[in-house]
Amino acid sequence: MYEPIRTKSVHRMADDHDAYPHRSREEELDIQLAGHLAALLAVTDELGDTEAGELVARQVARLRGAPPARHAALSGASARELHGKAHALAGRALVVAASRADTAVAILAAGRMDAHAAALAGEPTLAVAAP
């Protein structure tokens, strides 16, 4: 009355841990941090801040092992919106950098947060030392 199952199941057993590759927590944090920094780089490039862009690009290259693709298109957002977005992205990068104990990126992200907060407040831009 019933047809027997003749194909392998598409589901895997719960104890089948070696069926797919795993990444370590550090690798996952590196990927996440590189993504936040790449997004920050795109906004920084759009704002025209080449010095800060080079600092961010250097950290992305270190994390990814290759130089990042640089932002080529403009979003059309106002400078205020871009500074707000960059501030948020730098904050996310700071949280991940602190989680993975990456002091160089944490210092860079905190400096970028300060610079974008100053720009949002209408203050002169702060100089950021290279990590």
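**Figure 1. The buried residues of helix α1 and the helices they pack against.** In this predicted model, the buried residues of α1 pack against α2 (50-64), α3 (79-99) and α4 (103-121). Here contact means heavy atoms within 4.5 Å, and buried means under 20% relative accessible area, exposed over 50%, and partly exposed in between, with a 1.4 Å probe and protein chains only. The buried residues of α1 include Leu 29, Leu 33, Leu 37, Leu 40 and Leu 41, and also His 36, Thr 44 and Glu 46. An α-helix has 3.6 residues a turn, so residues three or four places apart point the same way. Residues are numbered from 1 along each chain as its sequence is written, and side-chain values use heavy atoms, with hydrogens and water left out. Because the model is predicted, local features need pLDDT of at least 70 and side-chain atom pairs count only at pLDDT 80 or more, whereas totals for chains, interfaces and linings use all residues.

**Figure 2. Helix α1 from end to end.** The chain has four helices and zero strands, where helices (H or I, at least four residues) and strands (E, at least two) are DSSP runs numbered from the N terminus. Helix α1 covers residues 25-47, and its 23 residues should span 33 Å at 1.5 Å a residue, which agrees with end C-alpha atoms that are 33 Å apart; the expected span is 1.5 Å times one less than the number of residues. Just after α1, Gly 48 takes a positive phi of about 85 degrees.

Figure 3. Glu 46 is found in helix α1, where the residue is buried yet has no salt bridge. A salt bridge is a side-chain nitrogen of Lys or Arg within 4 Å of a carboxyl oxygen of Asp or Glu, and the nearest side chain of opposite charge to Glu 46, that of Lys 85, is 6.7 Å away. In this count of charges, Lys and Arg are positive and Asp and Glu negative, while His and the chain ends are not counted. The side chain of Glu 46 does, however, reach the backbone nitrogen of Ser 75 at 2.7 Å.

**Figure 4. The salt bridge between Arg 100 and Asp 30.** The structure holds seven salt bridges, and in one of them Arg 100 pairs with Asp 30, the closest N and O atoms being 2.4 Å apart. Arg 100 lies in the loop between α3 and α4 and Asp 30 in helix α1, so the pair ties together parts that are 70 residues apart in sequence. Arg 100 counts as partly exposed at 24% relative accessibility, and Asp 30 is partly exposed with a relative accessible area of 22%. A network of salt bridges links Asp 30, Arg 62, Arg 100 and Asp 102.

Figure 5. Asp 49 is partly exposed, with a relative accessible area of 26%, whereas Arg 112 is buried, with a relative accessible area of 3%. In another salt bridge, the side chains of Arg 70 and Glu 54 meet (3.1 Å, N to O); Arg 70 lies in the loop between α2 and α3 and Glu 54 in helix α2, 16 residues apart.

Terms used
Polar contact = N/O pair within 3.5 Å; in protein donor to acceptor, adjacent residues only side chain to side chain.
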